Every structure is written in C-alpha cells, then in structure tokens.
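My notes follow the display.

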Amino acid sequence: MSMRSILRVLLLAALAWGTWHVLGADDGPGGPLSVAPDYADPSDPHTGDPRGVGTDASGSPRGVDSPSKTPARGESGGAAAVIEIHGRVVDSARQPVGEAAITLLVRGHVRAQAASAPDGSFVVRTPAGGGPTPERATLLARRDGYAAGTGDVWLAQALAITAEPIVLEPGHDLRVRVEIDGQPSPFATIAVVGRVGANVTPFATGAADPAGVTRFAGLAAGLYEVFATLPGRGRGMVHARLPQAEGEMAVVALGGERLLDVLVVDARSGQPLAGAEVLVGDQRTLPAPTGPGYLPALPPQRTNARGRATVRGLGLEETIYVNVEAPGYVPGVWWRSGQQIALPGVSEITVQLTRPRSVMLPIYAGAAGAPADGTPLAVELSARGPAPTGPEISARVDGAYVQIDGLSQEMAVGLLTAPDGRTARFLVRAGEDLGNAVEFLRARDVRVRIVRPGGAPVPDVALHLQPADGVGSARHGSTDASGVAVFEGLASAAMAVHLQRGDAPWGGLLLGRIDLAGEETEFEFELRDRVEVRLTVTLDGQPGLPARYVVLAAGQPVAPEEIVEQPGAGELELAMRPSTDGVPFEVILRAEGYLPAAFVCDPAAARPYALDLHAAGRVLVRVSAPPDGVYALVLERYLPDGERWVPTVSQVGPGAVPHDASDGVHAFDGLVPGRYRAIDTRTGRATDPLDVGAGARSAETALDLSASVDVHGRVFGPPGTDLAQALVLVEGRHRPSDPSTGIRVSREGRFVVRGIRGEALRLTVRHPMLRSGPTVRATGGGGVVELRLEPGPTATLRLAGDPPRGTGVTGSSTSSLEVRLLRGEEIVLAVRPTLADGAYVFGGYEPGTYTLWIGLAAGSAPWERKGVELGAGTTDLGTITPSAGATLVVRALGRAPGASFWVSATALEGPLYSRHAASGADGLQARVAGLGKGRFRIEVRTAGRDLVHEQVVEIRDEGETLVEFD
C-alpha cells in the first residue's frame with residue numbers, strides 16, 4: 001500500500017480520538033456472495049445514528065476522493081441525488097480484469113450492482129441517503145477463477161467517489177464435512193460466512209453430498225465461520241481458516257434441534273397479534289435489517305390467529321435475537337428494548353409491540369413567530385432507521401404546542417416546515433411524549449463568497465455547511481466563477497462553513513460560521529494562502545519516515561495531497577491551510593509505533609523544522625480463544641493515584657465475531673510509559689501486569705481463555721416485578737459502587753455469565769426497587785443458577801427545577817440520576833432510581849443510617865448528606881436543590897492558539913465520577929464545571945487524544961481552581 005493510501009486510511013483517525021488499533025490481521029475475506037435481500041437502512045442500536053459510520057481497523061473512514069462530478073450549487077443531496085462510484089478491478093500483477101461482477105454492500109445487504117469493462121473500470125450508481133452522516137459501504141468484485149476482492153467506500157451525499165483499485169487474487173478451496181454423532185450427514189445445508197469490512201456477510205451456500213462433504217472454490221485467505229443445518233438436527237458452526245492444509249477439512253457437528261415459540265401481543269391491551277413477521281439471528285448473524293439474519297437462511301415466520309409463531313432449525317446453545325414487525329405497530333427489535341433476546345435454554349418469549357406515539361413540542365415564541373393554530377406541518381426526520389410500519393407521520397400546530405402523530409422512532413431529530421416556509425428543528429428523546437421546545441425560523445437563501453487575501457474570487461471550491469449544533473442535514477455546494485456558492489432554504493440558527501477535503505466525506509478546514517438569526521444573507525470568507533513548511537523527521541535519531549502517520553496543523557489533519565515525501569531523507573514538504581489567521585500554530589506528527597511529537601510553526605518565518613520520533617511502548621497478547629471464539633479483549637493502564645485500572649484500548653468488542661489475529665496475537669502499539677494488563681471483560685481473566693517504557697522492546701504475555709464456559713441463570717422476584725431492570729453482579733468483576741456495571745437480565749429473568757471451567761463465581765443481583773437475596777456460588781457445566789429479589793423499603797426524592805409531571809407527560813422509566821448509600825467509606829448500594837410523576841424512587845437497601853450521595857447531570861456537583869435515616873417503609877427525602885459546584889480552569893502555556901485539547905477530571909475520593917470539557921475556540925483554556933470538593937486526577941489530551949499532561953488537583957471550595965500546563 002502506498003503512503004498516499006495509508007494516509008487516506010489514517011487521515012480522520014485523529015478526529016476519532018486517535019486511538020490506534022493495531023490488529024495485525026486481515027480486514028476480512030472475500031469470496032462468492034449469496035445475494036441477500038435489500039432492507040431499509042437501520043439506525044445504530046445505541047445512538048440512533050445511521051449505521052455504517054463506524055471506523056475500519058485503523059479507526060478511520062477512507063476511500064472518498066474529490067468529486068469528479070461537481071454537485072449543483074447548494075445541493076443538499078436529497079433522495080433524488082445519485083452517487084457514482086468509479087473504480088477499477090485488477091489482478092495481482094495490476095493487469096485489468098474485465099467482466100467482474102461488482103456488488104455494493106451495506107451491512108451485508110445488496111445496495112447496487114454493476115460489471116467491469118474490458119479495461120477493468122466500472123461505475124456503480126446508488127441513490128444518496130437522506131441523513132447528514134456518510135455511510136460506510138463495501139465494494140465486492142467477483143469473477144470465476146479468482147477469489148472475491150473487496151474495498152471500502154464512504155457514501156457522502158451528492159458526491160462522485162473514486163475507489164481504490166480492487167485486487168483479485170487466486171482463490172482457495174474450502175472443504176467442509178458435516179457429521180452427526182461422528183457419522184457423515186448427507187444433504188445438510190451449509191453457509192460460509194466471513195467479514196467484509198466490519199460486516200458479517202454470507203459468502204457462499206451449498207449442500208453436503210451423500211458423504212456429508214462439500215467444497216467451496218474461489219475464497220480468499222482469511223477466517224470464516226461455517227454453519228450447517230438439517231431439519232430436525234438444528235444447526236452447528238465451526239471456524240475455518242484458509243488456506244487449509246493438505247487433506248484438512250472443517251468439520252461441523254450437528255445435534256438436536258431447538259424450537260423457539262414467539263408470542264406477539266399488543267403492549268397496551270395484551271391481545272395477541274396475528275400476521276406479525278418474526279425474523280431471527282444470533283450473536284454473529286444479527287436479524288435483518290441490521291445483519292443478514294440466521295444462516296443458513298430461515299424463512300420469516302408469521303404469527304397465527306393466537307399471535308404465536310414457532311421458529312424451527314435453531315442450534316441448541318445459542319443466544320437468539322428476534323425482530324418482529326406488524327402493520328400499524330412500531331417494529332419490535334432487539335436493540336430497542338433489549339427484551340427480544342432468547343438465551344440458551346429459553347423456548348418461549350413474549351414480544352410486546354406498541355403503536356406509533358404522539359408527542360407534544362412546546363413552541364418558543366421567536367422572532368419569526370409561530371404558525372396559526374391548526375396549521376399542518378411537514379415532517380422530515382434526519383435520522384434513518386427501519387421503515388415505519390405504522391401510519392404516516394404527520395404534525396400540526398395545536399395552540400402553544402406542535403403535535404406530531406405517528407412517530408415510530410424512539411429518538412427522533414428532524415425538521416418541521418410550515419406552508420409559508422417557516423421551519424423549526426425538533427428533538428424527541430426515547431420514552432418521552434414531550435419533546436424539546438421548538439422555535440420557528442424563516443428559511444432563507446444564503447450566498448457564500450470565497451476570496452483570496454486581497455479580494456480575488458476563488459472558483460470551483462467545494463464547501464460543506466454543517467448546523468453548528470450538530471442537528472440536521474449537512475449541505476454541500478461549490479463556488480462559481482465569481483467565487484459564490486448559493487445555499488437555498490437554510491433553516492438552522494447557525495451553520496459552520498468548511499472547506500471540503502478531498503478525502504473526507506464531511507467538513508474539512510473550518511472557514512467560519514454564518515449566523516442566520518439576523519437579516520444578513522451574504523457572507524464572505526477568506527481562503528488563506530497555504531503555509532509551506534519543510535520538515536525533517538528522524539526515528540530515534542535516524543533519518544526516515546514511519547510506515548503510518550498523520551500530520552495535524554492547529555488541530556486539523558493535513559490532507560494527503562498537501563504532503564510531499566522524501567522517504568530516504570526523512571523529509572516532508574507540507575502545504576497547510578491552518579485555521580489560524582497568520583499567527584503561530586502547532587503541528588503534531590502522530591505515527592504508529594511512536595510517541596507523538598510537535599513543533600510550533602510561525603507562518604512569518606520560512607525555515608525548516610525537525611522532529612525526532614521516539615519509539616513508543618508495545619504489548620503483544622497471545623490469546624488462546626474460547627470454544628466459540630468470542631471474547632472481549634481490553635488493554636488497561638494502572639493509575640497509581642487512584643489505585644485502579646482504566647481501559648486504554650479495546651481490541652475486540654463484547655459479542656463481536658472472533659477477531660482474526662495472526663496466530664492469535666493481538667498487538668497494542670503507541671503506548672505511553674506505564675503499567676498495563678490485558679483483560680477479557682467477559683470472563684474477568686487478566687494477564688499479569690506488564691511494565692512498558694518508551695522505546696522498550698515489545699512486552700509479551702499470554703491469556704488462556706480456552707476453558708471458558710457459560711453459566712446460565714435466572715432471577716426471580718415478587719409478582720409484577722420488572723426483571724429487565726435487574727443487573728447480575730459477579731464478585732471481583734463488577735463494581736457494586738458503579739450502578740451501570742453488571743449483566744443484563746431478560747424480561748423472563750434469564751441471564752448468562754461467562755466464566756472459566758472449574759472456577760467458582762459468586763453472583764448477586766441488583767434492582768433499583770428491590771433488595772437482593774443471598775449471594776449464590778456457581779460454576780459452569782450444568783443446571784441453572786437461581787437468584788432472588790425480595791420486597792424491601794423504598795425512598796423518594798425530587799429535584800428542584802424539574803419540569804412538572806403527572807399530567808400525562810412522563811419521562812423515561814429509569815433516570816440518569818445515580819444514588820449511592822455509604823457507611824463510612826464503603827458504598828453499600830449504587831442504583832439508578834426509577835422516575836415516576838416527577839419523583840425519583842429507589843430501594844434495595846436495609847433500614848438504617850447512611851450517607852446519601854446523589855450524582856447529578858454534568859454541570860451540577862454531586863449532592864451529599866450524612867446521617868440520613870432510611871426506615872422500613874417509604875421514606876420521603878424531600879426536594880434536593882442542585883449546585884453548580886466548583887469549576888476547574890485548565891490553561892495551556894506556550895501553546896499556539898487553535899491547538900484544541902480535552903480535559904477530564906476524575907474523583908479520587910468517595911464515589912467515583914468524572915467531568916469533561918473541551919478547550920474554547922482559542923484552544924488555550926478549558927473550563928470543567930460541576931465538581932465537588934476533594935482530590936481529582938486531571939488528564940489533558942490533544943484533539944488526537946494524545947495524553948500531554950496529567951496531575952492530581954485538590955479542590956477546596958466552590959469557586960474556580962486554576963491548573964496550568966506547558
């Protein structure tokens with residue numbers, strides 16, 4: 001891979017916290033594709049943002065080049081816009097490959113198809129999405145005689161994209177045998193699954209011959225999962241790595257068949273719903289539209305007149321994810337409620353579906369005024385998700401409110417438009433039927449003019465406008481011969497104007513902001529001349545350039561086309577446009593395997609600069625994988641001030657497919673000096689601590705997870721208990737002092753804990769309203785562990801300033817408030833209370849005298865009171881008035897303006913909590929508010945998340961405390 005390509009991969013990593021994920025593995029295999037149906041774009045189950053916006057193995061998006069077809073001025077890239085992806089298919093000798101079938105995949109589903117011409121070129125066309133965030137997609141090329149080749153692209157709106165060449169390599173054969181009790185199983189259906197980018201994708205399907213054997217040709221080298229199924233015998237799976245050794249076969253063993261009975265009911269009436277569609281998947285093959293679904297494919301099931309559907313052909317020891325859709329109802333999907341999950345041993349689940357809800361939005365009387373009562377409003381949602389199955393969404397003005405009907409999204413962000421063109425942007429959070437107040441603005445056309453210093457117009461400049469508060473669609477445009485780009489119908493209060501980077505599908509250099517609150521419609525920005533710098537780089541004193549690096553100027557990455565390399569001499573010629581107006585700015589060089597280095601560039605002084613990069617610490621972890629290959633490896637760093645371990649780099653996410661690390665070795669690079677350990681968060685098993693120094697040779701260690709085993713359990717409580725609010729705690733693994741840690745429990749009370757065979761676990765359960773029964777000792781290998789919840793006393797409290805409730809408007813069932821009860825220094829209870837009619841209610845404690853500690857939202861200091869008596873019944877704690885608390889002012893000394901940084905302050909005494917803040921526009925000062933008294937560990941990081949300063953600070957009063965660093 002060329003340095004230019006590498007920079008393209010790494011460019012935006014600095015904007016994504018800059019954490020290097022040195023995986024030492026393939027990105028994923030390529031091979032024949034079994035075409036999956038096209039589904040609606042789903043949203044991320046945790047954030048509501050469009051999926052496909054995650055990063056690749058380097059933590060970065062890549063592959064979007066400068067538009068070869070300039071969009072119309074001010075074009076927003078709506079549903080009618082078409083994205084053209086231009087690419088080329090070549091073989092390993094870089095010779096063109098014609099007649100290759102090209103497939104564009106998004107999350108394993110086919111979005112578009114094309115074929116390569118005799119010269120290897122191709123064009124794939126696909127409609128642009130309607131959301132503001134680029135989608136990550138994968139191009140897959142197939143031709144007989146080759147293994148499939150892949151490449152990632154980012155689908156930015158209204159852009160033509162030039163993809164990197166797709167290389168087709170010679171293919172390999174995968175030989176599979178299916179067995180039942182050690183005997184060949186003929187006629188089983190087999191599916192070969194691999195990873196394309198971050199997506200689990202079906203590559204090939206087939207059937208076993210009478211000897212139970214089949215062969216799949218033309219697969220690329222890499223790791224695959226092979227699934228097999230046979231009616232009445234369920235499903236089995238085995239991992240297979242290509243190329244196979246001579247005579248080697250992947251053997252899939254089948255056992256008994258598992259049936260799952262799904263009951264679908266109306267959440268309000270409890271009546272069964274006939275004709276609902278049930279789709280399933282497991283932890284690897286998530287249900288559509290998020291994943292390809294259970295493989296080999298199972299047909300969708302529909303509920304009968306009693307609201308029941310039976311899913312057959314499932315494996316015995318699998319966690320099954322279930323999605324349900326019914327006309328007129330919000331889809332019941334596993335990521336929304338978390339309850340459409342059937343753990344191993346569960347044969348029946350109940351799914352409750354709700355109808356789309358109505359929400360009310362208070363109207364704030366702004367300068368444009370509100371439309372008249374009864375005015376219909378058009379609704380445009382900016383977040384994409386599964387297509388609603390209920391009535392079409394509609395809205396109207398209802399007195400002092402806007403009423404939106406038919407909302408099926410849990411969290412919705414969008415735009416309301418009146419017939420006269422006035423618009424208002426809205427936000428409705430999950431569980432709420434009262435959204436944020438809205439203000440109507442008059443949409444206006446805006447002219448943005450780009451000039452050189454001195455006033456000369458700059459034509460053909462691609463611009464990107466983003467709402468300053470981050471809510472709403474981005475707009476793209478290009479300047480004409482007079483240097484003007486016209487953007488029509490802008491409705492945000494303020495827009496940030498960026499110079500579009502050729503490699504970035506969203507904004508690059510920030511030129512400034514336009515304020516739409518006033519009457520101005522024409523804005524002018526000066527495109528500063530490039531600052532040209534010659535930089536000499538040495539690696540531990542020797543001239544040379546690192547293999548992977550990124551350069552940041554005033555906190556923003558320098559584009560690859562702005563860098564000219566002289567690798568042998570270790571020289572870089574940089575032509576930068578920093579977002580500073582002629583004043584000195586900071587340049588940071590971040591390189592994989594080295595500690596970051598920086599210098600201050602003075603645009604007025606044309607002189608060469610030099611940087612010496614010092615090798616960073618490196619840890620290699622050799623993992624003996626569990627039988628199912630699933631683990632969650634995290635590297636932790638020890639903080640002696642707080643005497644605790646904190647996560648540094650996550651290598652394999654919880655529930656992820658097995659990571660294809662070469663020989664099972666995971667590499668963690670770019671480490672600052674300190675003490676580290678690697679831990680599997682699923683089992684709690686960790687390596688011995690390793691001392692890592694800058695420039696030291698790699699520290700190596702091993703983690704044996706081969707004896708991992710699942711412990712199945714069930715929680716029981718009084719009739720009517722919402723068991724889904726319970727969390728199971730493993731002693732030594734989960735902190736009782738942290739209300740967010742623990743293992744989730746299903747609505748039926750079932751849970752699974754991962755342990756090590758032969759090692760005992762001590763389990764207890766936590767619930768915000770009930771107290772736990774006795775702690776239970778358990779080991780894996782048989783039976784179901786039972787934990788019990790018991791009735792107990794409760795307490796209520798209110799917050800001064802909370803909005804009135806009890807009038808049909810309710811908040812979320814569980815609040816973000818944290819309540820902790822202490823005896824001395826020991827935290828005996830930590831829960832998030834339940835919110836009902838304006839009161840926060842919690843239980844789970846024994847009657848007695850406690851110190852009551854309440855963690856409030858950021859910006860408010862924790863509230864604490866000693867000697868609080870909690871009785872055996874219900875205790876009313878009254879109303880609490882939050883305090884802003886102390887403010888930590890962190891100031892940079894000797895740094896250039898515009899070099900932004902981030903600050904975190906973590907309490908070292910009492911209950912653990914943290915506050916965070918970013919530096920202001922000048923990049924010289926950050927203010928961290930909402931701190932109580934005590935000692936705090938302060939960490940200062942650059943925009944690329946490099947640690948540049950850390951210290952312990954004591955806060956004695958509620959005023960301001962100043963911290964300065966160089």
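Predicted model: local features only at pLDDT ≥ 70, side-chain atom pairs only at ≥ 80, totals over all residues.

Strands here are DSSP runs (E, at least two residues; helices are H or I, at least four), numbered from the N terminus. Two strands count as paired if DSSP finds at least two bridges between them.

Residues are numbered from 1 along each chain as its sequence is written, and side-chain values use heavy atoms, with hydrogens and water left out.

Next I checked strand 60 against strand 62 (residues 785-790): they run antiparallel and are joined by two bridges. R771 has E790 in strand 62 as its bridge partner.

I then turned to another open sheet, with three strands in the order 35-32-38 and mixed pairing. Its edges are strand 35 and strand 38; each has a single partner strand, so one side of each has no neighbour in the sheet. The twist averages 25° from one strand to the next; axes are lines fitted to C-alpha atoms (for helices over the stretch in contact), and angles run from 0 to 180 degrees between N-to-C directions.

Which way does strand 32 run relative to strand 35, parallel or antiparallel? Strand 32 (residues 444-451) and strand 35 (residues 484-490) are antiparallel, with five bridges. I found R444 bridged to L490 and R447 to V486. With strand 38 (residues 522-526), strand 32 pairs in the parallel sense over five bridges, and I450 has F525 as its bridge partner there.
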